[in-house]
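Biologist: Hi! Could you walk me through this one?

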Amino acid sequence: MGLSVQERAEAAIPVTTLSPPEGNTTFLDDTTWCVALAGVSQIDLQNALDWACGLGMADCIAIQEGGQCYEPDTLVSHASYAFNNYYQQNGNSDIACNFGGTATLTKNNPSYGKCLYSAPGSVGSAAPPPLSKYQSSFLWWEIVGVLLLLYKGS
């Protein structure tokens, strides 16, 4: 009996699932890279770079001092590398190459010397794995329990 109540309660609780953004993944039969736009505000570009290497979880090791892509040591060059890494990790979607209007897509491979820019399929996804039906259901029950305790305590 308790099992059927549990099943009904699970059916009534909405489950949020995360999926990568959708959009145009590449130009027709061609590879694309995401690079910083020259001529945009340096402040906006720095903020976008900070986000990409921070909350965006782009792999920015190569643009650290001593890394393969540190030179040239310019904001546009470093931002281009980080933006492209984020773009490739997030499904090559247009929306993953915006960065507040500081980035654009290109068909020209921006790699140079030892600095190799990621291409489609060469980078793992930074997105967390989706919660299973049971994990998300358990999470909802934990949240409900905490809210009930807080409600009773006030």
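Predicted model: local features only at pLDDT ≥ 70, side-chain atom pairs only at ≥ 80, totals over all residues.

Biologist: Great. At what angle do H2 and H3 pack?

Modeller: Helix H2 (residues 42–53) and helix H3 (residues 75–89) pack at about 40°, and their axes are 9 Å apart. That angle makes H2 oblique to H3, because it falls in neither the roughly parallel class, under 35 degrees, nor the roughly perpendicular one, 65 to 115.

Biologist: And is the crossing left-handed or right-handed?

Modeller: H2 passes H3 in a left-handed crossing.

Biologist: Which residues make the contact?

Modeller: On the H2 side they include Leu-45, Leu-49 and Trp-51. From H3, Val-76, Phe-83 and Tyr-86 are among them.

Biologist: How do the contact residues divide into nonpolar, polar and charged?

Modeller: There are 12 nonpolar and 3 polar residues in the contact of H2 with H3, and no charged ones.

Biologist: Switching topic: where is Asn-85, and is it buried or exposed?

Modeller: Asn-85 sits in helix H3. Its relative accessible area is 4%, so Asn-85 counts as buried.

Biologist: What lies 2.8 Å from a polar atom of its side chain?

Modeller: That is the backbone nitrogen of Asp-59.

Biologist: Nice. And where is Asn-90 found?

Modeller: Asn-90 is in the loop between H3 and strand E2 (103–106). Asn-90 is buried too, at a relative accessible area of 12%. A polar atom of the Asn-90 side chain lies 2.8 Å from the backbone oxygen of Tyr-86, and Tyr-86 is one of the H3 residues in the contact with H2.

Definitions and conventions
Residues numbered from 1 in each chain as written. Heavy atoms only, no water. Axes fitted to C-alpha atoms, helices over the stretch in contact; angles between N-to-C directions. Helix = DSSP H or I, 4+ residues; strand = E, 2+ residues; numbered from the N terminus. Parallel < 35°, antiparallel > 145°, perpendicular 65-115°, else oblique. Left-handed = near helix turned anticlockwise from the far one by under 90°. Contact = heavy atoms within 4.5 Å. Nonpolar A, V, L, I, M, F, W, Y, C, P; charged D, E, K, R; others polar. Buried < 20%, exposed > 50% of the residue type's maximum accessible area, 1.4 Å probe, protein only. Polar contact = N/O pair within 3.5 Å; in protein donor to acceptor, adjacent residues only side chain to side chain.
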